[in-house]
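Subject: Structure for you to look at

Hello,

Please find the structure below.

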Amino acid sequence: MDVPRTVATALEDQPVAGTRCLEAGAGAGNATAGLLANGAARVYAVTDDRDHARTTRRRVGGGNGGGDDGDRLAVLEADLRAVPLPDESVEFVTAHGLCNVLDPASLSAVAEELSRVAAPGARLVVDDYDPVPDGAAIGELFAVENAASELARGRPALTFYPSSFLRRFFAGHGWEFERERTLLEPVPWTESHVAAHADLAAETAAEHPGEAGDALAATARRLEGEIGSESVGRMYSLAFRLPG
Amino acid sequence: METRPLGGTGHDSSVMTFGAIALNWLEQEGANQLVEHVLDYGVNHFDVAPTYGDAELKLGPKLRQHREEIFLGCKTQERTYEGAWRKLDRSLNRLGVDTIDLYQVHGLEYDEELDAITGDDGALAAFREAKEQGLIDHIGLTSHGQPDLILDALERIDDLESVMFPLNPVVAGKDDDEYDYEAVLARADERDVGTLGIKAFAGGSWPPTDELPEADRPFANWYRPVTAPDEIRERFDFAAAQGLTSVVSAGDPKLVTMILEAAADYDGMDEAAQRSLMERVRHDDSPVPEQLHH
């Protein structure tokens with residue numbers, strides 16, 4: 001598969017070759033593909049989402065763990081707050097588009113785990129989005145997604161942490177900051193992204209039956225049509241190193 | 001309009017090249033007006049071919065009037081010595097000029113064609129004779145084919161002074177060798193060969209003809225072009241920012257003014273914005289549904 005430019009740009013100045021890697025939050029396997037393309041010795045792609053695990057295996061592993069990269073890839077279905085890897089067992093960690101789906105409590109727990117499994121001298125690359133600028137149409141859809149999630153699950157679906165926040169946050173977990181670069185500006189929220197977020201908002205709203213859930217689902221659908229696509233905001237990449 | 005050196009030719013080409021196939025779709029009066037319009041914006045590099053309907057004939061009058069202002073590129077699909085001479089004579093006659101500044105091997109697609117044009121009885125032998133006789137000044141090559149083939153051509157043709165090939169955010173976003181036109185750009189730069197970008201404004205293929213008959217297509221391009229002014233502008237900026245000498249305008253006259261405006265305003269495109277555009281077209285084109293992130 002093609003490695004997205006976001007991932008390629010985030011990894012281009014990083015010594016990935018020959019390292020044991022953890023992709024924290026595999027999503028569609030984008031960072032896993034980048035790590036393998038850059039010569040990772042082994043990649044553990046961890047996700048708690050069965051569909052994401054399947055997608056990553058299919059796109060990157062070439063099927064059920066087979067294919068060219070199959071022997072270097074292990075897709076693990078697990079909660080990132082309890083990563084099924086030993087202490088100090090990986091040399092490279094990516095969190096590509098992960099932090100925005102973690103509320104502050106989860107972010108803290110995940111950061112503890114990433115720091116635990118990272119060996120001394122390990123690298124960490126965190127790619128995420130600055131908060132959406134005021135007045136952006138896509139911000140309304142994210143607000144509906146968050147409202148539905150708060151009602152149904154008692155926590156937000158999305159939290160966009162400023163780069164300065166995550167920089168200090170991971171420094172607080174012992175990671176030495178190395179560099180920041182801009183991956184995308186503006187961020188292209190395409191029709192497929194907007195549809196995916198609207199679907200998620202509507203599905204989440206359906207978990208909270210009744211007037212409020214129905215209204216949020218309907219609003220998500222309306223916004224999907226109204227927004228179409230929008231290019232706005234910034235996606236950034238932070239690189240850190242663990243001393244040692 | 002910004003100009004850039006066309007390799008080692010000694011000519012500085014405007015960052016936009018006028019694709020004169022656009023004249024084919026106009027009556028003579030409209031063609032004359034379009035040439036004046038393009039020149040008003042500072043475009044100094046034109047590209048035409050005998051296969052573009054009667055574009056050569058329609059370019060002729062204004063080309064002759066403004067001959068000194070126009071660096072004229074023309075090309076031939078002939079692969080043999082005889083054929084290339086015949087087509088060159090024909091183009092000179094149809095254009096009504098004494099010389100062509102850049103004469104190009106048109107649309108090289110297969111390895112056998114590269115063997116043919118470089119052979120003793122090949123088209124390049126005719127190009128070189130014509131150059132000695134002062135009928136053409138420089139030799140170029142155009143291809144929509146595999147980047148490897150163009151790289152081979154750069155190796156094998158010592159007197160090649162320009163290459164024309166596709167470059168846009170769709171192909172730039174693909175990693176496979178069959179789309180690696182960035183390698184062509186890099187090699188051409190190393191060898192001081194000029195680079196002309198085509199398909200900068202391609203949005204995708206036309207629907208199959210049983211869904212949309214050719215006669216119902218709203219644009220004359222081979223491909224479905226992007227057509228909104230903002231899209232045209234970012235496509236132009238992207239292509240020019242890759243470091244091409246010049247970006248060839250799309251073949252439909254309805255798009256030319258928008259491209260001229262974009263070219264006249266060009267002042268670079270930062271890398272995050274280039275990635276933003278590649279990412280957007282990658283998702284438009286992606287078989288993976290439902291991605292929340294980039």
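Residues 16–211 of chain B form a span that is 41% helix and 21% strand. The UniProt record, an unreviewed entry, gives residues 16–211 of chain B the feature "domain: NADP-dependent oxidoreductase". Please keep in mind that this is a predicted model.

The rest of my notes concern the place where chain B touches chain A. The contact takes 32 residues from chain A and 22 residues from chain B. About 2,400 Å² is buried between the two chains, and carbon and sulfur atoms give 50% of that area. Of the area that chain B buries against chain A, 32% is supplied by Arg275(B), Leu292(B) and His294(B), more than by any other three residues.

How many salt bridges does the rule find across the interface of chain B and chain A? It finds 1. A salt bridge joins the side chains of Arg5(A) and Asp175(B), at 4.0 Å from N to O.

On the side of chain B that touches chain A, the largest share comes from helix H11 of chain B (residues 271–284), with 10 residues. By class, that side of chain B has 10 charged, 6 polar and 6 nonpolar residues.

Regards

Terms used: Residues are numbered from 1 along each chain as its sequence is written. Chains are lettered from A and ligands numbered from 1 in the order in which they are written. This is a predicted model: local features need pLDDT of at least 70, side-chain atom pairs count only at pLDDT 80 or more; totals for chains, interfaces and linings use all residues. Side-chain values use heavy atoms; hydrogens and water are left out. Contact means heavy atoms within 4.5 Å. Buried area is the accessible area (1.4 Å probe) that two parts lose on being put together, summed over both. Helices (H or I, at least four residues) and strands (E, at least two) are DSSP runs, numbered from the N terminus. Ala, Val, Leu, Ile, Met, Phe, Trp, Tyr, Cys and Pro count as nonpolar, Asp, Glu, Lys and Arg as charged, and the others, Gly among them, as polar. UniProt positions are given in the numbering used here, feature names are shortened, and annotations may be inferred rather than shown by experiment.
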